[in-house]
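Please open the model in a viewer and keep the sequence at hand.

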Amino acid sequence: MPSRFVPARFQAPLPHDQLVKSEQPGDEAVPMDVVVVGGGPAGLSLSIELKKLAKAAGKDVEVAVLEKAEELGQHSLSGAVVNPAPFRELFPDLRESDYPFRRRVDKEQVMVLTANRAIRIPTPPPMHNSGNYVASICEIVRWLGEKAEAAGVNLFAGYPVDSLLTEGERVVGVRTTPAGLKRDGSPGSNSSPPTDLAGQVVALCDGTRSPLAQAWYGWQKVSSPNPQIYALGVKEIWETKKPLEHIVHTMGWPLGKKQFGGSFMYPLEPNLVAVGLVVGMDWPDNATDVHLLLQRMKLHPFFKPWFDGGELVEWGAKTIPEGGFYALPQRRVGDGLVVCGDAAGFVEVASLKGIHYAMKSGIEAARAIWRGIESGDTSRQGLASYDAAVDASYIGSDMRKRRNMRLAFKSGFVFGGMKAGLMTLTGGAFPGGQIHVEEDAKEARDVKATEPFSPDGKITFSKVDAVYKSGNATRDDIPSHLTVGSDVPPEVADLYVSMCPAGVYERDGDKLVVNAPNCIDCKATDVIGPRWQPREGGSGPRYKRM
């Protein structure tokens with residue numbers, strides 16, 4: 001067995017031909033002006049703003065939002081401490097007390113953990129959250145969905161998108177995923193065929209690690225200075241006996257010196273607490289298990305008092321784009337297409353923020369699309385004002401200012417922290433220059449034994465128990481949506497087993513076993529292992545309070 005390996009050698013290629021089809025929508029296609037893929041903050045903000053612009057002009061525009069979850073919000077997961085700026089922009093007539101937030105941030109702590117101690121440090125400037133709000137992203141999405149529906153947006157929950165439909169260089173519509181297929185892909189008794197939707201513009205707002213966006217970038221040869229890199233976050237919601245009165249962020253333990261990440265603990269209600277751990281997926285070995293690290297972390301003397309006697313009520317996981325400014329695609333527009341939110345990489349790691357960037361990108365995309373529709377030009381040139389507006393907004397300025405902060409930690413925690421401090425003081429000017437990185441799948445991994453851990457079922461839980469708390473209701477006989485590369489050796493299989501927070505992958509001797517129905521669509525697998533593709537609508541988790 002080798003002592004090191006590169007995961008990319010064993011990863012299946014992206015199925016470009018399936019994701020981007022040189023086909024026009026069928027004769028029975030649903031006609032729309034704009035088709036939005038993804039009913040999250042970006043897609044819903046886009047649809048609301050577009051309807052507002054059309055109404056102000058005394059016209060109408062038909063907008064469809066396609067969401068793969070059975071109901072809006074069920075696949076949404078985030079920290080979440082939210083900057084309210086895009087809410088003010090989108091709903092200027094509402095008061096902040098009308099927004100779907102839990103509580104205003106007025107106290108915060110940043111702690112450095114060792115195995116037994118917690119040392120409070122001054123809050124780094126990018127992490128200051130005064131004036132922001134603790135919220136549930138599920139509740140934000142449901143609230144935005146109500147506003148979109150009231151504005152006349154066509155909301156289609158339970159409709160994942162399988163393919164972009166194209167004519168020449170132009171995207172002209174989408175095709176949804178079929179439903180009710182048996183494990184072998186043949187039609188079941190309640191199967192339904194895919195649906196085509198046609199539109200002048202398709203907006204990809206389908207979140208982190210979007211297969212459609214990846215395929216479109218490849219098809220159009222859209223590159224970025226650096227590849228996108230990712231983190232995996234695992235989150236839990238707890239009913240606690242002890243109230244939490246402030247937000248908490250930690251760094252250090254339980255992560256090693258070559259692992260980047262940190263934890264959060266936020267109060268949603270006096271006795272309802274969100275806790276999570278986020279770890280960069282460039283971790284150096286095949287045994288790092290973020291779910292397991294979170295379980296160990298809850299036993300730390302700093303955290304344990306909040307969870308003693310409490311109850312785990314919900315669990316989930318999600319990948320987060322962390323590449324920052326240098327990983328942004330050189331353009332996010334094409335003929336008949338825009339890319340928004342996490343699908344475009346609009347996350348700023350130093351401040352731990354992405355929701356308000358997603359919403360702002362949706363707002364700016366709507367304005368560019370409306371100008372294109374009004375002028376009769378929804379080509380790449382006709383939609384180019386979207387890129388210009390995003391780059392000129394606080395999305396562009398924030399990401400440019402902190403362009404190397406995450407990348408600096410490739411040097412390790414201590415040196416990375418020193419570089420990040422200098423970047424904060426100089427607004428990113430020093431140390432200057434682009435820090436080059438490899439994509440996560442190309443980072444070599446050491447072969448390492450997994451440390452044993454026995455969950456107690458009270459504070460710590462197995463992956464099987466955790467998936468149950470996600471509300472996962474996927475059919476057991478659904479076709480697999482995960483494509484595994486050929487000839488996966490045992491050490492790579494161990495990487496998949498440790499990496500996946502939902503227990504999708506198991507080792508049976510030297511054989512890799514894939515339990516696809518366990519998947520909660522965090523897409524960690526797609527970053528460094530088997531490829532993820534959408535499956536029938538309503539599959540996956542059913543989050544309520546994430």
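Begin by selecting Tyr99, which is buried, with a relative accessible area of 5%; buried means under 20% relative accessible area, exposed over 50% and partly exposed in between, with a 1.4 Å probe and protein chains only. This is a predicted model, in which local features need pLDDT of at least 70 and side-chain atom pairs count only at pLDDT 80 or more, while totals for chains, interfaces and linings use all residues. Residues are numbered from 1 along each chain as its sequence is written, and side-chain values use heavy atoms, with hydrogens and water left out.

**Aromatic contacts**

The whole structure holds 17 aromatic pairs. Rings of Phe, Tyr and Trp (its six-membered ring) pair if their centres lie within 6.5 Å; planes under 30 degrees apart count as stacked, over 60 as edge-to-face and the rest as tilted. Phe101 is buried, at 14% relative accessibility. Next select Tyr133, whose ring centre is 4.8 Å from that of Phe101, with the planes at 25°, so the two are stacked. Phe101 lies in the loop between α3 (85–90) and β7 (103–104), and Tyr133 in strand β10 (residues 133–134), so the pair ties together parts that are 32 residues apart in sequence. Here helices (H or I, at least four residues) and strands (E, at least two) are DSSP runs, numbered from the N terminus. To display the whole aromatic cluster, select Phe87, Phe91, Tyr99, Phe101, Tyr133 and Trp143.

**A five-stranded sheet**

Move to the open sheet of five strands in the order β2-β12-β13-β16-β3, with mixed pairing; two strands pair if DSSP finds at least two bridges between them. Strands β2 and β3 stand at the edges with a single partner each, so one side of each has no neighbour in the sheet. Select β12 (residues 161–167), which is antiparallel to β13 and joined to it by six bridges. Within this pairing, Glu167 has Arg170 of β13 as its bridge partner.

From β13 (residues 170–176), select Arg175 together with Glu23, which lies in the loop between β2 (20–21) and β3 (30–31), 152 residues away. Arg175 is buried at 17% relative accessibility, whereas Glu23 is partly exposed at 33%.

Next, select Asp342 and Lys318, a salt bridge whose closest N and O atoms are 3.0 Å apart. Asp342 belongs to the loop between β24 (337–339) and α8 (355–375), and Lys318 to strand β22 (residues 311–321), 24 residues apart. Both Asp342 and Lys318 are buried.

For another setting, select Asp510 and Arg507, whose side chains meet in a salt bridge at 3.7 Å, N to O. Asp510 is exposed at 57% relative accessibility, and Arg507 is partly exposed at 33%. Then select Glu49, Lys52, Glu89, Lys360, Glu364 and Arg367, which are linked in a network of salt bridges. The search of the whole structure finds 38 salt bridges.

**Charges over rings**

Finish with Lys242, which lies over the face of Trp306 at 4.2 Å from the ring centre, and with Lys523, whose charged end sits over the ring of Trp532, 4.6 Å from its centre. The criterion is NZ of Lys or CZ of Arg within 6 Å of the ring centre and within 35 degrees of the ring normal.

Notes: A salt bridge is a side-chain nitrogen of Lys or Arg within 4 Å of a carboxyl oxygen of Asp or Glu.
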